[in-house]
Amino acid sequence: MLIDSHAHILSLEDPVGAITRASEAGVGKIISIGTGIESSKGTVELTHKYNGIFASVGIHPHAASSYSDSLMGEFEALLDEPKVVGIGETGLDYFYMNSSKEEQMISCEAHIDLATKYNLPFVIHIRGADDDLIDLFKIKDMNENPGVIHCFSSHYEIARKYLDLGFYISFSGILTFNKADDVRAAAKNIPLDRILYETDSPYLAPVPKRGKKNEPAYVQYIAGLLAEIKGLSVEELNDQVLDNITNLFSKIPKDKTGLI
Ligand SMILES: [Zn+2]
């Protein structure tokens, strides 16, 4: 059973069709990620309709300027939902800088505090800001398994720092890109019990679908390459990833009952 640990299902052109195709491709669980309050609420609705869809709720760093304490209260109200399994995506993005560094830091810290309070893992988006993020983590009170660095796109030395802080590392279609030797080397070195994979759809379609709109069914290409890198069969990798994702996101049941 394939597992897509990070997809923005509501951003897909045809969510219902994509869910059907994912199910046919053998995807049994998807964590659908909210990036603001509307998409987070919509994602929670989606979890009511599909057996294998779970939600993570939060404010994307691009939208961190929308953060307010009262908005955070609206997210907090969603955490009682049985299939809201994580917080985010949050993090820091100094590449696009759609919100200021200060706004991103305030929002990220509030997400960490909420995750700690409810003992939920958080989902981290990081671009061009590893030093600031790692400094922040070192001073924050965090859960033992704080969360996942999603769409990991750096080299092993950086991954090591996140692993030492207790994070899991998730690989996206970037793993399949021609120039991503550093990312593949990182994947080879990361302990098997700390690895996840994802599509980040509709973004970053993997080879051989590169250039198309990404969707959860394409996670098979990422899992296939990752299994090859780790010297496992895809089935062995998938069983390990099921262990990993249910260890980290403890509200996800460890069954194989399927997506739909
Ligand atoms: Zn994302």
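A cavity is a set of grid points where a 1.4 Å probe fits but cannot get out, and its lining residues have an atom within 4 Å of a point. In this predicted model, the structure holds one cavity of 30 Å³ or more. The space inside the largest cavity is about 30 Å³. Its lining consists of Ser5, His6, Val123, Val148, His150, Ser170, Leu196, Glu198 and Phe249. Four of these lining residues are nonpolar, four are polar and one is charged.

The overall fold was examined next. The chain contains nine helices and eight strands. Its radius of gyration is 17 Å, close to the 18 Å that the globule rule gives for 260 residues, so the chain is as compact as a globular protein of that length. Along the principal axes, the C-alpha atoms fill a box of roughly 45 × 40 × 35 Å. Of the 260 residues, 57% are buried. Among contacts with a separation of 6 or more, 72% join residues 24 or more positions apart.

The largest pocket has a volume of about 440 Å³. It is lined by 17 residues, and Tyr96, His125, Arg127, Asp200 and Leu204 are the closest to its centre. Strands S4 (84–93) and S5 (122–127) each supply at least two lining residues. S5 gives the most, with three residues. By class, the pocket lining has six nonpolar, seven polar and four charged residues.

Asp200, one of the residues closest to the pocket centre, is found in the loop between S8 and H8. Its phi is near 55 degrees, a positive value in a residue other than glycine. Asp200 counts as buried because its relative accessibility is 8%, and the cut-off for buried is under 20%. The loop between S8 and H8 also holds Pro202 and Pro208. A cis peptide bond joins Ser201 to Pro202, with omega about 15 degrees. The bond from Val207 to Pro208 is cis as well, with omega near 10 degrees.

Asn119 also has a positive phi, of about 50 degrees, although it is not a glycine. This residue is placed in the loop between helix H4 (101–118) and S5. Asn119 is exposed, with a relative accessible area of 54%.

Helix H7 (residues 181–189) was examined for its packing. Its buried residues are Val183, Arg184, Ala186 and Ala187. Seen down the helix axis, they fall within an arc of 155 degrees, so they line one face of H7. An α-helix has 3.6 residues a turn, so residues three or four places apart point the same way. The exposed residues Asp181 and Lys188 are carried on the face of H7 turned away from its buried side. The buried residues of H7 pack against helix H6 (156–164), strand S7 (168–171), strand S8 (195–197) and helix H8 (219–230).

Within helix H6 lies Ala159. Ala159 counts as buried, at 0% relative accessibility. Leaving aside residues up to four places away in sequence, Ala159 touches Phe152, Ile169 and Ile190. Gln240 lies 81 residues from Ala159 along the chain, and their C-alpha atoms are separated by 19 Å.

Notes:
Residues numbered from 1 in each chain as written. Predicted model: local features only at pLDDT ≥ 70, side-chain atom pairs only at ≥ 80, totals over all residues. Heavy atoms only, no water. Buried < 20%, exposed > 50% of the residue type's maximum accessible area, 1.4 Å probe, protein only. Helix = DSSP H or I, 4+ residues; strand = E, 2+ residues; numbered from the N terminus. Arc of directions from axis to C-beta. Contact = heavy atoms within 4.5 Å. 1 Å grid on protein atoms, 1.4 Å probe; cavity = no way out; pocket = protein on both sides within 12 Å on 5 of 7 lines; lining within 4 Å. Points joined across faces, edges and corners; volume = space filled by probe spheres on them. Nonpolar A, V, L, I, M, F, W, Y, C, P; charged D, E, K, R; others polar. Rg over C-alpha atoms; globule rule 2.2 N^0.38 Å.
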